[in-house]
Amino acid sequence: MINDNSVKFSTLYKLYSEAKSRGISPQRNALFTKRMHLNSLHKRALKILNAVRTRKSSKFEQVASDDEYNTYLALKWMLETGYRDDGLSKDYDEVLDAAAALLIKRYRDKNVLPLIADLMFSRYREGRYIYDLIWAYFEYDDPESLLYIGKRLQSSNSKDVELACKLLCFIPGICDNKGDSPAQFAKFVDRHDDVKRNIVDNIGDGLLNDNDGDGPAKYAIFMKWFNENKNYLYRTMESFHQFNSPQIYEISLEAKYLCIPVSHKDGKFKRQLTEHEKQCLSAFMNMDDNTKVLLANYSNFLFRQNYYEWNVWIHYPIYEQIRIATAARVGGI
Amino acid sequence: MIYIAGTFIDSSSIAEKYPSESIERKALNIMLSSSNIYAYNMLSELEFELNLRKSIVSAAMNLHRSRFSFRLFRETKCNEKYWERTEEGGFLLKDGVKPSEAIKDIFVNSSLYGTECATAMVIVFYGAIVNVFPEEVFDRVFSYIYLMDWMYLDRRLGIEYIREPEDYLPGDCRYFKNPDVDPLTPHWQGENVIDLGDGLYYGHGMGIGRDQYFIDTLNKYRISGSETSAYLLRSVTRLNFKRLAMYVL
């Protein structure tokens, strides 16, 4: 009897798989649903399970079209109660990945991000497949998602730190060798001594320990970067499907200079610019890249330190702004 | 423009070495007519790059003609005589196996292999290098190989990512992005392709075609109702030819 609030998706999945292996179609077999005492949530979860297995959104649309809200609840139930049994089978894992992708892409559910991060990191420790989860995770246009990854830099597990470094490689100071070092093969070291021997023979064993012990320092770098830039970050279109060290988020230097938050989706200013801001921006855009970085850093620093002084500074002509910023020279972004 | 050991090279002196329709000549023509300066320490460096670019295009064509199949990472397959399939779907070179033989086997016993497009690009690059490097050099330099995707790249391959290149040359890897991909088919989030020259591309699982062919194909795998089309990104991923040349020149 499965009509119980404490029942998990994995239980339903196992019963479903068992019934299928015996030639029973659980969805169409009224006796099955009656005997199992399936409630409406479970029945909908079974429909979703069948739909996502086809790998066609049109099938999922059919399920969602008659009751979008309960379909969302069923998906969420599948992921939240099912993730602890991740690894049950390849098929089961694929269903969890699909549920995660739908919750992020279709339902914009931010609350499942920590859970998806947990899944990514636990699978990585075991050398299991994580790419669809990584893709789904970064489809959510909000830099807050980086926090759940950043905190793994403090983990005592070196695999956690290793994956966090890979995913946050675009942040200065997190990944020194841009992710293409043979040290990445260290992922297999525990299980493949031959690889370890080859790496040590050819490259030296220092690279195998890129992240050993420096996680907390990297976490401090990450948090400083995040707090300074979170309002000015927007998602690029780069992904791990495309190359090995994608810039998942980019800083809008224009926004950082004017201290106006941007849309994380496309980098556009969240509000209309005043005439003075437009003039500032026009002058700023004529500067070379290094000067832009200098001005953006100083502006943001001053804005957070002392709004009154910032307001005076931003009204100076740009060459005066540069002179003051150069004299003060705050740290890099 | 091409600049070798302190001198700009004019087109006639070098271009006539290659047949007019050859990949080398096509790459050379783009370099010579570009406002970008392609600088080399010696002529043999340039010749090495042209040769390897030709080899990349050949490897892509050979893979296309083979029975190497498209499979999701969860379902990849490989010849276990040479490779160990890892839990995440990658192929790890087995101990005691010659790397050059293992790479060549993918092109020979192609029906035993199947994977996604990103891994196919890495295989094309290794397949091109193995045909240019002397066997003993290849085996020494690439003594361990893990074929997965871009996340696991041997630094010695010297793969570079350039966001806004001046030119696109045959043998470059490019990317068609599908921003509104159906969440149930994330493997169609984009297609890695090899530039074959003359506006043609090879993408594993899709075959050979022009840009519109890849865009149209990816558009079929969008989330329902989306009007955001797939498109070709400006960036390129390419081998670091000068770095690789150092192993053989």
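**Two chains, questioned closely**

In this predicted model, 33 residues from chain B and 39 residues from chain A make up the contact.

Me: What makes a residue of chain B part of the contact with chain A?

Reply: The test is distance: two residues are in contact if their C-beta atoms, placed from the backbone, lie within 7 Å. Chain B gives 33 residues to the contact. β9 (159-162) and β10 (173-177) of chain B are the elements that give two or more residues to that side.

Me: How do the residues on that side of chain B divide into nonpolar, polar and charged?

Reply: There are 17 nonpolar, eight polar and eight charged residues. Gly counts as polar here.

Me: How do you know what span to expect for helix α7 of chain A?

Reply: The expected span is 1.5 Å times one less than the number of residues. Helix α7(A), residues 113-125, has 13 residues, and 18 Å is expected. From first C-alpha to last, α7(A) reaches 19 Å, which is close to that value.

Me: What puts the buried residues of α12(A) on the same side?

Reply: The buried residues here are G215(A), K218(A), F222(A), W225(A) and N229(A). They cover an arc of only 90° around the axis, so they sit on the same side of α12(A). In general, an α-helix has 3.6 residues a turn, so residues three or four places apart point the same way. The face turned away from the buried side carries exposed P216(A), A217(A) and N227(A). Among the elements covering the buried residues are α9, α10 and α13 of chain A.

Me: Why are β2 and β3 of chain B said to stand at the edges?

Reply: The open sheet has three strands in the order β2-β1-β3 (chain B), with mixed pairing. β2(B) and β3(B) each have a single partner strand, so one side of each is left without a neighbour in the sheet.

Me: What makes β1(B) and β2(B) a pair?

Reply: Strands pair if there are at least two bridges between them. Two bridges join β1(B) to β2(B), so the pair meets the cut-off, and these strands run antiparallel. Within β2(B), T7(B) stands opposite I4(B).

Note on methods. Residues numbered from 1 in each chain as written. Chains lettered and ligands numbered in written order. Predicted model: local features only at pLDDT ≥ 70, side-chain atom pairs only at ≥ 80, totals over all residues. Helix = DSSP H or I, 4+ residues; strand = E, 2+ residues; numbered from the N terminus. Buried ≥ 20, exposed ≤ 12 C-beta atoms within 10 Å, placed from the backbone. Arc of directions from axis to C-beta.
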